[in-house]
Amino acid sequence: MNLASAIIQRANASWRPYGRYCLLIRGVPPIPKPTSLEGKGLILSAIKFLDKTEGTEKQVSEELMHCEVGSILIQNKYQKYDRRKIVVLFLDEENSNAPVV
């Protein structure tokens, strides 16, 4: 199971995420397995972001992980996919302009 699928599975355990979200991958960060301690921490941070941004009209993103070789962010209000899914985008440094909360 990948990180996005693990976030959706965890979110569906308590509520259905009806917004549109994406994970933004910058650089080449090591992506932890969802079952690892670090992976579980990322999932929990993502769920907190979903709760915090539910119903908001403003597009925002939040950094879930950062290291010297890259970062993982989550963003709401992403319009290029169906609801109740989290897509994964790989970005270069010039490609993201959503404000960080």
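**Figure 1. The exposed side of helix α2 carries Leu37, Lys48 and Lys52.** In this predicted model, Leu37, Lys48 and Lys52 are exposed and sit on the other side of α2 from its buried residues, which are Gly39, Leu42, Ile43, Ala46, Ile47, Phe49, Leu50 and Thr53. Viewed along the axis of α2, the buried residues lie within an arc of 155 degrees, so they line one face of the helix. An α-helix has 3.6 residues a turn, so residues three or four places apart point the same way.

**Figure 2. Helix α2 from end to end, and the residue Gly55 just after it.** The helix has 17 residues and covers residues 37-53. From the first C-alpha to the last, α2 reaches 25 Å, close to the 24 Å expected at 1.5 Å a residue. Just after the helix, Gly55 has a positive phi of about 85 degrees.

Figure 3. Thr53 has a relative accessible area of 6%, so Thr53 counts as buried. A polar atom of the Thr53 side chain is 2.8 Å from the backbone oxygen of Phe49. Leaving aside residues up to four places away in sequence, Thr53 touches Tyr21, Val60 and Asn76.

**Figure 4. The aromatic pair of Tyr21 and Phe49.** The structure holds 1 aromatic pair. Tyr21 and Phe49 form this pair in an edge-to-face arrangement, with 6.4 Å centre to centre and 75 degrees between the planes. Tyr21 belongs to strand β1 (residues 21-27) and Phe49 to helix α2, so the pair ties together parts that are 28 residues apart in sequence. Both partners are buried: the relative accessible area is 5% for Tyr21 and 0% for Phe49. Tyr21 is also one of the residues that Thr53 touches, and the backbone oxygen of Phe49 is the atom that lies 2.8 Å from the Thr53 side chain.

**Figure 5. The setting of these views in the whole protein.** The secondary structure comes to 2 helices and 4 strands, in the order α-β-α-β-β-β from the N terminus on. Of the 101 residues, 44% count as buried. Among contacts with a separation of 6 or more, 70% are between residues 24 or more positions apart. The protein exposes about 6,200 Å², and carbon and sulfur atoms supply 50% of that area.

Technical notes:
Residues numbered from 1 in each chain as written. Predicted model: local features only at pLDDT ≥ 70, side-chain atom pairs only at ≥ 80, totals over all residues. Heavy atoms only, no water. Buried < 20%, exposed > 50% of the residue type's maximum accessible area, 1.4 Å probe, protein only. Polar contact = N/O pair within 3.5 Å; in protein donor to acceptor, adjacent residues only side chain to side chain. Contact = heavy atoms within 4.5 Å. Areas by Shrake-Rupley, 256 points an atom, 1.4 Å probe, with all protein chains shown as cover. Expected span 1.5 Å × (residues − 1). Arc of directions from axis to C-beta. Phe/Tyr/Trp six-rings, centres within 6.5 Å; stacked < 30°, edge-to-face > 60°.
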